[in-house]
Structures are given as C-alpha cells and as structure tokens.
Amino acid sequence: MVVIGLGRFGTSLALELTRRGTEVLAIDNRPKITQSLAGQITQIATADATDMEALRQLGVPDFYQAVVAVGSDIEASILTTSLLVELEINDIWAKAISTQHGRILSRIGAHHVVFPEHDMGERVAHLVSGRMLDYMQVDENFALAKTTPPKEYVGVPLGSSNLRRKYGVTIVAVKPSGEEFTYATADTELSYDDVVLVSGRTEQVERFAELP
C-alpha cells in the first residue's frame with residue numbers, strides 16, 4: 001500500500017496499516033515529517049509525488065493500492081492522483097476537502113474518494129445530539145449506531161416488540177453491563193444498562209436513538 005501525504009490523516013492511516021502488518025510505502029515531500037516517522041512505517045521516502053519519475057524510482061507501480069492523503073494542496077492532490085491513474089494502480093483512494101474537489105478526483109480516475117473531515121464532523125454531530133455512543137454511516141442512507149435501549153423496550157423480548165415494524169430498525173447485538181457483545185435473538189430482553197447495536201435507514205436510526 002502506498003500512502004502519499006503525511007498530514008494527520010495520512011500519518012494515522014500509514015501507522016495503523018503498518019500496525020496491522022500491511023507493507024506500507026509512505027511518501028511526503030517534507031524531510032522533517034519523514035524523518036520523524038522513520039522506523040515506525042515499513043518504508044518511508046522524501047519525494048515529490050507530482051513527479052512521475054520519482055514515483056517510478058520508488059517502485060510505486062509495483063503496488064496494487066494507493067491512498068492520496070494530500071489535503072490542502074488541491075493541485076498536488078489532483079496531479080498525484082492523475083499520475084497514479086497513468087501508472088495503472090488498481091485501487092486508488094483519494095482524500096477530498098470539498099465536494100468539487102471530490103468530483104474532480106473521481107473524474108480523473110480515483111476509484112474511491114473520502115471526506116475525512118466531513119465524515120468526522122457528521123459522526124460527532126450524531127454523538128452529541130442524542131443517546132448515541134458511536135455511529136457509522138454504512139452507506140448513503142444506511143447507518144449502524146451504538147446506543148442505549150429506549151425504556152419502552154426494556155424487559156420486552158425483541159421477537160414480540162414490533163420494533164422493526166414500528167421504527168424500521170433492527171437490534172443486531174446487545175452488550176449487557178460488564179459483558180461482551182452477543183448477537184440479539186427473538187428471545188433477547190433488554191435492560192436499562194445494556195448497550196445495543198442498531199441498524200437501519202439513517203433517519204430511522206436517528207429517530208430510534210432519540211427515544212426516551
């Protein structure tokens with residue numbers, strides 16, 4: 001995996017991939033940054049990723065996946081992504097800082113465009129506005145949330161709760177206090193101090209998490 005751009009997002013990604021045992025080639029044009037991360041990432045290089053020859057010399061064409069984590073320099077982000085497309089990298093991920101930036105990256109050939117700042121802001125907004133303990137947007141209009149059960153469903157077997165028919169969501173797992181998560185079944189009865197994983201359409205999950 002090639003990670004280009006070692007700002008906060010790129011550095012966190014490269015370090016986590018390395019921790020998981022993935023071979024990572026991290027590239028940044030700032031010597032101070034690359035020197036500070038030496039020894040923490042599989043392979044790290046100081047280079048200009050907008051230079052095709054530099055990418056070739058580093059062996060970038062030998063990698064299957066690449067992430068362009070360049071943020072504020074939109075021109076460098078676009079040029080780097082276009083060079084990776086030209087090198088026929090099979091799976092290109094690119095960070096975007098605006099919708100327009102993301103559209104351009106998609107048009108020039110990025111296979112996946114991510115919006116880290118936007119996604120984090122959206123996630124925090126959900127966490128601070130209700131009972132949600134964690135939140136993940138799985139698809140454009142489908143979400144998974146960790147929350148506590150509404151009082152109307154405490155002590156009621158899920159199989160007879162009419163939860164899905166009434167609110168359109170499914171409780172997929174339950175974590176009793178002091179225990180681990182287990183899959184929810186029709187016989188599962190919730191307690192006030194349980195934590196549940198609930199899935200469904202985004203607006204339905206939000207509505208469920210706001211129930212008292």
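These legends walk through several close-up views of one predicted model. In this predicted model, local features need pLDDT of at least 70 and side-chain atom pairs count only at pLDDT 80 or more, while totals for chains, interfaces and linings use all residues. Residues are numbered from 1 along each chain as its sequence is written, and side-chain values use heavy atoms, with hydrogens and water left out.

**View A. The chain is divided into two domains, 2-114 and 119-210.** These bounds come from an automatic or database domain assignment. Between domain 1 and domain 2, the C-alpha centres are 36 Å apart.

**View B. Six strands form an open sheet with parallel pairing, in the order 3-2-1-4-5-6.** Strands (E, at least two residues) and helices (H or I, at least four) are DSSP runs, numbered from the N terminus, and two strands pair if DSSP finds at least two bridges between them. Strand 3 (43-46) and strand 6 (112-114) are the edges, each pairing on one side only. From one strand to the next, the twist averages 15°. Strands 1 and 2 run parallel and share three bridges, with V3 standing opposite A26 of strand 2. Helix 1 (residues 8-19) lies across strands 1, 4, 5 and 6, at about 160° to strand 1; axes are lines fitted to C-alpha atoms, for helices over the stretch in contact, and angles run from 0 to 180 degrees between N-to-C directions.

**View C. The largest nonpolar core holds 24 residues.** Such a core is a set of buried Ala, Val, Leu, Ile, Met, Phe, Trp, Tyr and Cys residues joined through side-chain atoms within 4.5 Å; buried means under 20% relative accessible area, exposed over 50% and partly exposed in between (1.4 Å probe, protein chains only). Among the members touching the most others are V2, I4, I27 and L55. Elements giving two or more residues to this core include helix 3 (52-57) and helix 4 (74-86). Another core, of 19 residues, lies apart from it and includes A145, L163, Y167 and V174.

**View D. Strand 11 (residues 195-201) is mostly covered, with five of its seven residues buried.** Strand 8 (residues 142-147) runs antiparallel to strand 11 and is joined to it by six bridges; here F142 has R201 as its bridge partner. Strand 9 (residues 169-175) is also antiparallel to strand 11, again with six bridges, and V174 stands opposite V196.

**View E. T202 sits in helix 8 (residues 202-209).** T202 is buried because its relative accessible area is 10%. Not counting residues up to four places away in sequence, T202 touches Y135, Q137, E140, N141, F142 and A143, where contact means heavy atoms within 4.5 Å.
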